[in-house]
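Hello,

Here is the structure for your files. My notes on it follow below.

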Amino acid sequence: MRRLILGLCALVLLIGPACAETYPARPIRLIVGYSPGGGNDLIARIVAAKLQEKLGQPVIVDNRPGAQSIVAAEAVAKAPSDGYTLLVAPSGPMTINPAVYAKLSYSPERDFSPISLLAEFPLLLAVGAEQPPRTVRELVEYGRAHPNLANYASSATPFQLAAELFNQRTGSKFQHIPYRGSGDAVQAVVAGQVLMTIADSGPMSGPLKAGKLRGLALTAAKRNPAFPDVPTMAEAGVPDMEISLWTGIVAPINTPPEIVNLLARTIRQILTMDDVKKAMEAIAVEPRSTTPDEYRDLIARDTARWKEVAAAANIKLE
């Protein structure tokens, strides 16, 4: 009988309410396009644990890093539209990849059903604690005086664009050193293999508190309570560097609206829980839920914005 009901869920126009009542009947897989330890992975694990409690089925976080999250996005785009394979969908694959890739094997608009935003967050510029620069101005001067050491670690196109925008705003020439995940990029800076990074603050929180990293600036409009001593880019003398990224969850296109709305409602409840708020505050991200339509509109607006930034930076990937 269970198999029969699950099969009939494809006939959403006839028995849509029944689908919502029987979903979920088996484990849900949450695909993350980045390595464990990065900001999106940390957010995914916070939400997955609560989804599991609320829905009564295992929610498995499946890390599939590679190709700026294209590998993960492709996997979910090709998955059945039954709500059992979902994508952690941050700014990178949803709005920045379409802005920088000449050809993309998936379409955020045509291949996915938005569910809800999960969180938004600024980026943090940091150097290793053993590095000489103690301010953004000293970092820029150090890069000019030591061009062979002037580089930055980046694990995804959003962070690369942010670093290139920093180059534009400061007249610097920091060179891009790619890494597979934010955690890897941060560890490279901690180890002194790379001078600096601009990335999500999640994987930096631990090293900052342990004194292994030195935060120089945030891309936020105001200081973050998690890093009260770290100035904003504007305070550090770098204008027009306010950047806020986000992450959310999407499903394959044509996922029954009853399932999408059930997940959206559940996520909204989760993000109001005190322990979830505290867990996200600990990695300097702000919980934020949306309706599916609000999330769809946000994707469209940010894609247009990042296309302008990429064009100004002359960044085009094949």
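Ser 201 is buried, at 1% relative accessible area (buried is under 20%, exposed over 50%, partly exposed in between, with a 1.4 Å probe and protein chains only). This is a predicted model, in which local features need pLDDT of at least 70 and side-chain atom pairs pLDDT 80 or more, while totals for chains, interfaces and linings use all residues. Residues are numbered from 1 along each chain as its sequence is written, and side-chain values use heavy atoms, with hydrogens and water left out.

Ser 201 sits in the loop between strand S7 (196–200) and helix H10 (205–209); helices (H or I, at least four residues) and strands (E, at least two) are DSSP runs numbered from the N terminus. A polar atom of the Ser 201 side chain is 3.2 Å from the backbone oxygen of Ile 283.

The whole structure has one cavity of 30 Å³ or more (a cavity is a set of points on a 1 Å grid over the protein atoms alone where a 1.4 Å probe fits but cannot get out; lining residues have an atom within 4 Å of a point). Its lining has 15 residues, and closest to the centre are Tyr 34, Asn 40, Pro 90, Ala 156 and Phe 159. Helix H3 (39–55), helix H5 (91–100), helix H8 (157–170) and strand S9 (244–252) each give at least two residues to the lining.

Arg 296 belongs to helix H13 (residues 292–313) and is partly exposed, at 40% relative accessibility. Between Arg 296 and Ser 113 the C-alpha to C-alpha distance is 8.3 Å, with 183 residues separating them in sequence.

Regards

Key. On a 1 Å grid over the protein atoms alone, a cavity is a set of points where a 1.4 Å probe fits but cannot get out, and a pocket is an open set with protein on both sides within 12 Å along at least five of seven lines; lining residues have an atom within 4 Å of a point. Grid points are joined across faces, edges and corners, and a volume is the space filled by probe spheres set on the points. A polar contact is a pair of N or O atoms within 3.5 Å; within protein, one must be able to donate a hydrogen and the other to accept it, and residues adjacent in sequence count only if both atoms are side-chain atoms.
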